[in-house]
Amino acid sequence: QEQQIPLDIRADQSQFDDILACSGSVWFVLSSVGAVMMESKDPASPGLSAVLRRQYSLSISADLVRTQGFIGGRWVSAPSSFPVLDPATGKKIASVSDCGPQEARDAVNAAYKAFYSWKQQTAKERSILLRKWFDLLTQHKEDLAKLITAECGKPMKESLGEIAYSASFLEWFSEEARRVYGDIVPPAAKDRKILLLKQPVGVASIITPWNFPSAMITRKVGAALAAGCTVVVKPAEDTPLSALALAVLAEQAGIPAGVFNVVPCSRERTPAVGEVLCTDPLVGKVSFTGSTATGKILLKHAAGTVKRVSMELGGHAPFIVFDSADVDKAVQGAMASKFRNSGQTCVCSNRFLVQSGIHDQFVEKLGKAMDAELRLGHGSEPTTTQGPLINVRAAEKVEHQIADAVSQGATVLRGGKRLEGSFMEPTLLANVTTDMLCTKEETFGPLVPVLKFNTEEEALMIANASHVGLAGYFYSRDISQIWRVAEQLEVGMVGVNEGLLSTPEASFGGVKQSGLGREGSKYGIEEYLDVKYMCFGGLTP
């Protein structure tokens, strides 16, 4: 039987459109676009238009639905709110508190106050709490995945994968918390001992993107909390609900008030909030994932107080297929790398370089794989593999790159058209050259531009001709070539005969203008630690 939502669940705002509660769950009434074959060429396709008008209910545990900021262990409303939209339909699904500079300062103060007790907890105590948080994410994976699909648009299968990935960082860093080792160094003099201690840097500002609204938080926060730091998270304005759900579970796990804070805000308030988080003298560390242009702005802010920074910035990943490659495996890798989250990942392949000897075979097989495997639709539909892009601006960027390439002689082999809203047909281009925009800038969409090359040297020259260097991929069965190319690619991560790289056990980060520092792995926790040298003198030899 349907019941009214209690006011404490509704967070003193009318934040959800057509919202009902039943048996402890919240139902969002959203529009569904269903699933549409990607080979539908008509932007006004009756199939897509019809399913855009459909309605469906998304049942989510009411406990996980929060629309206020989380500061010092309290849910805090701001004077105004901003809308969160379903990217598939453009319809509002929630109104979230629009925190400003004052709320950001309050969160920093709360984190600073909590830091002095949190860092005194033993590594084992922090480890146990992180493990509890991991267990809760795993327990609520279905609901958390539904939130990601609702606000980010990715298919449920991918959203479930993100929650598993997100939880894995809490598990990994719960274990790494107990492995923060210092050093005892042999001294030159007999009357002293030299010790190198590792200590937490303090309050960390965590600024995260929309494309992985859960995992990008836990990859940073897991390391920070394990090291003994406290955090203030500013999630992307498109996807704040996932961050706030993480706060709910952090509180349930027993993480003390002030250790984990969340300040959601609108696009309009983001510059002011970001400036506070990067300039406040109580902040000791800034960690950001996003565009290179924004990263440079935040670096300038952080420079004023000489803060520690980690930056995971833009990518422009090459995907190279050599004549020696297993073409079928290369096609599988290309599909996995390019079309995950509709091409909206910082490590997805952006430039496809295929050697002349197998070029035609690869392009033909890739086109057939796109026909067979890709389905456009709302992420909640079980057959959907390609959801919408995050907003209309993202679709317009892809559309512009395609138009630019075609105007310079590229051939559209699959897709190529903008559909309703922010949907974009997965697109395969041939006869692409390095003069085209799609080979010069990151796409962040379902576009596969294929360039033909003749020699290994030529491929490396094209691949490395970028000011960024996050990830790179290549397929080859020549062992000597594998070593040569892997060492010469100017990127921070290399996939050899593999299209999916990310795992908590391995370091994540780039070179050139793709950022500073590393996340994940045993190196991720080092980003939140200072090394203190202690000279213990006056000892009797």
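Author: When residues are sorted by class, Ala, Val, Leu, Ile, Met, Phe, Trp, Tyr, Cys and Pro count as nonpolar, Asp, Glu, Lys and Arg as charged, and the others, Gly among them, as polar. This is a predicted model, in which local features need pLDDT of at least 70 and side-chain atom pairs count only at pLDDT 80 or more, while totals for chains, interfaces and linings use all residues. Residues are numbered from 1 along each chain as its sequence is written, and side-chain values use heavy atoms, with hydrogens and water left out.

Reader: What volume does the largest pocket have?

Author: On a 1 Å grid over the protein atoms alone, a pocket is an open set of points with protein on both sides within 12 Å along at least five of seven lines, a cavity is a set where a 1.4 Å probe fits but cannot get out, and lining residues have an atom within 4 Å of a point. Grid points are joined across faces, edges and corners, and a volume is the space filled by probe spheres set on the points. For the largest pocket this volume is about 1200 Å³.

Reader: Which element gives the most to the lining of the largest pocket?

Author: The largest pocket is lined by 45 residues, and those closest to its centre are Trp210, Phe288, Gly290, Ser291 and Thr294. Helices (H or I, at least four residues) and strands (E, at least two) are DSSP runs numbered from the N terminus, and those giving two or more residues to this lining are α9 (270-279), β14 (283-289), α10 (292-303) and α13 (392-407). The one that gives the most, with 6 residues, is α10.

Reader: How many residues of the lining of the second largest pocket are charged?

Author: The second largest pocket, with a volume of about 720 Å³, is lined by 29 residues, of which Lys157, Glu158, Ala336, Arg340 and Leu500 lie nearest its centre. Helix α6 gives the most to this lining, with 6 residues. By class, the lining has 14 nonpolar and 8 polar residues, and the number of charged ones is 7.

Reader: What volume does the largest cavity have?

Author: The count comes to 3 cavities of 30 Å³ or more. Among the residues that line the largest cavity are Tyr165, Arg219, Glu312 and Arg340, and its lining divides into 6 nonpolar, 2 polar and 3 charged residues. The volume of the largest cavity is about 70 Å³.

Reader: Which residues lie closest to the centre of the second largest cavity?

Author: The second largest cavity has a volume of about 60 Å³. Of the 14 residues that line the second largest cavity, the closest to its centre are Arg351, Ala463, Val468, Gly469 and Val491.

Reader: Is cysteine 265 buried or exposed?

Author: Buried means under 20% relative accessible area, exposed over 50%, and partly exposed in between, with a 1.4 Å probe and protein chains only. Cysteine 99 has a relative accessible area of 1% and is buried. Because its relative accessibility is 1%, cysteine 265 counts as buried.
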